[in-house]
Amino acid sequence: MMENKIKQEEQKVTLLTKETKLALDRKENYLIAEEDGKYSFSIKDKTLLYLFNKGHNLDLTFSLSEKADFTLSFACISDHDCKVNLRVYHETSHTKSEVSCHGLSTNQTLTFAIEGYVPKYKKGCICNQKSMIHNLKKGKGEIDPDLYIEEFDVTANHSAFVGPLEEEKIFYLNTKGIPTKMATQLLLKSFLLGTSQNQIYNQEIERDLEKTIY
């Protein structure tokens, strides 16, 4: 009975359907954004968050305090103009954020505006961003990464890439007998899922991806 309960907890996925404030009190969290919205998250401990956005305009704020060690794996599939604003505030010293944003744009423009804040006297913080948008069909992508760092004793980095899938990777899979369309789907699946092991969360992304490609 206890084993089943643990498995159910591991598979839990929360739907974001309205503007709200959330305290992430689980070590591993899975969220899916079902509509446009403004969301605020409070993080005070070691926390891993997987968040899938189904092409909605989102305004996301993450406030880190106490012993926050925050890792975000954000995925988005969009077939229309869509903008995601994402801010991370380091409210106390020695907090850590590792933000990874992966997007797939198939029509019009997908925009990521990502900001990291470390105020003065908040020492020993780590504030990192990695953002990537792949274009498919007529899709376009824009990434606006910003770091607002007022303290010297901080590690802060950002990287951004917008463009199609690498042809070399597709060609490699072609040499293994995998057709281009299937190779594209496999690469994008890995790109969007990241390291997620949650079956419910993964299936949502896989369904949306399959509809997008075919």
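Colleague: Which residues of α3 are buried?

Modeller: The buried set in α3 is A183, T184, Q185, L187, L188, F191, L192 and L193. Keep in mind that this is a predicted model.

Colleague: And what do those buried residues pack against?

Modeller: On the strand side, they pack against β5 (46-53), β7 (69-78), β9 (96-118) and β10 (125-149). The helices they pack against are α2 (167-175) and α4 (199-213).

Colleague: How far does α3 reach from its first C-alpha to its last?

Modeller: It spans residues 180-193, 14 residues in total, and reaches 20 Å. That is close to the 20 Å expected at 1.5 Å a residue.

Colleague: What does the backbone do just after α3?

Modeller: G194 comes there, with a positive phi of about 60 degrees.

Colleague: Switching to S78. Buried or exposed?

Modeller: S78 is buried, as its relative accessible area is 1%. It belongs to strand β7.

Colleague: What does the side chain of S78 reach?

Modeller: The backbone oxygen of H80, at 2.8 Å. Leaving aside residues up to four places away in sequence, S78 touches G55, L104, S105, T106, N107 and L110.

Colleague: Now the charges. How many salt bridges are there in the whole structure?

Modeller: A search finds eight. One of them is between the side chains of D69 and K46, at 3.5 Å from N to O. That pair links distant parts of the chain, with D69 in strand β7 and K46 in strand β5, 23 residues apart.

Colleague: How accessible are D69 and K46?

Modeller: D69 counts as partly exposed, at 21% relative accessibility. K46 counts as exposed, at 56%.

Colleague: What does K54 form a salt bridge with?

Modeller: With E204, where the closest N and O atoms are 2.6 Å apart. This pair also links distant parts of the chain: K54 is in the loop between β5 and β6 (58-64), E204 is in helix α4, and they are 150 residues apart.

Colleague: Is E204 buried or exposed?

Modeller: E204 is buried, with a relative accessible area of 17%. K54 is partly exposed, at 22%.

Colleague: One more pair: which residue does E166 meet in a salt bridge?

Modeller: K169, at 4.0 Å from N to O. Both ends are partly exposed, with relative accessible areas of 42% for E166 and 43% for K169.

Colleague: Which residues do salt bridges with shared partners join into one network?

Modeller: K54, E204 and R207 are joined that way.

Terms used: Residues numbered from 1 in each chain as written. Predicted model: local features only at pLDDT ≥ 70, side-chain atom pairs only at ≥ 80, totals over all residues. Heavy atoms only, no water. Helix = DSSP H or I, 4+ residues; strand = E, 2+ residues; numbered from the N terminus. Expected span 1.5 Å × (residues − 1). Buried < 20%, exposed > 50% of the residue type's maximum accessible area, 1.4 Å probe, protein only. Contact = heavy atoms within 4.5 Å. Polar contact = N/O pair within 3.5 Å; in protein donor to acceptor, adjacent residues only side chain to side chain.
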